[in-house]
Amino acid sequence: MTYPSGTVYIGQWEDDKRNGKGVLKSGEKYTFEGYWQNGTCVQGSGEWLTNLGLYSGSIQNSKPYNGKGPFKNGEEIAIGSWKEGSFTGLIAKTYTIYK
């Protein structure tokens, strides 16, 4: 399946959602490969390429689990490593200043 954004999913489906084994790839931005349930990568591996750098490692519930590299979640930027879903390293919060 190719989404309007250009993201491609190749794998199993159930009830119009990604379920079972599959790969989700969005150009150079990210690749998740693993087991999907209700559209979420519940267990697998992947890479995220952001303007901060590359996270590479295991994924659980579509989030970093065991791996290294920067990751941005909303206003927080995390640079370091992940072990069993817990982050070790530096976390910075970004703010938007309005004039």
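Residues are numbered from 1 along each chain as its sequence is written, and side-chain values use heavy atoms, with hydrogens and water left out. Because the model is predicted, local features need pLDDT of at least 70 and side-chain atom pairs count only at pLDDT 80 or more, while totals for chains, interfaces and linings use all residues.

Colleague: How many helices and strands are there in the chain?

Modeller: Helices (H or I, at least four residues) and strands (E, at least two) are taken as DSSP runs and numbered from the N terminus. Read along the sequence, the pattern is β-β-β-β-β-β-β-β. The chain accordingly holds 0 helices and 8 strands.

Colleague: Which residue in β2 is the bridge partner of W13?

Modeller: Two strands pair if DSSP finds at least two bridges between them, and β1 and β2 run antiparallel, joined by 6 bridges. They form a hairpin with 2 residues between them. Within β2, the bridge partner of W13 is R18.

Colleague: What is the relative accessible area of D15, and is this residue buried or exposed?

Modeller: D15 is found in the loop between β1 (8–14) and β2 (17–26), and its phi is near 55°, a positive value in a residue other than glycine. Buried means under 20% relative accessible area, exposed over 50%, and partly exposed in between, with a 1.4 Å probe and protein chains only. D15 counts as exposed because its relative accessible area is 66%.

Colleague: What is the phi of D16?

Modeller: D16 is found in the loop between β1 and β2, where its relative accessibility of 74% makes it count as exposed. Although D16 is not a glycine, its phi is positive, at about 60°.

Colleague: Which residue takes a positive phi in the hairpin of β2 and β3?

Modeller: β2 and strand β3 (residues 30–37) run antiparallel and are joined by 7 bridges, with K21 standing opposite Y35 in β3. The hairpin has 3 residues between the strands, and the residue with a positive phi, near 50°, is G27.

Colleague: Leaving aside neighbours within four places in sequence, which residues is K93 in contact with?

Modeller: K93 lies in strand β8 (residues 86–93) and counts as partly exposed because its relative accessibility is 45%. The C-alpha atoms of K93 and E75, 18 residues apart along the chain, are separated by 5.5 Å. With contact meaning heavy atoms within 4.5 Å, the residues that K93 touches beyond those neighbours are E75 and E76.
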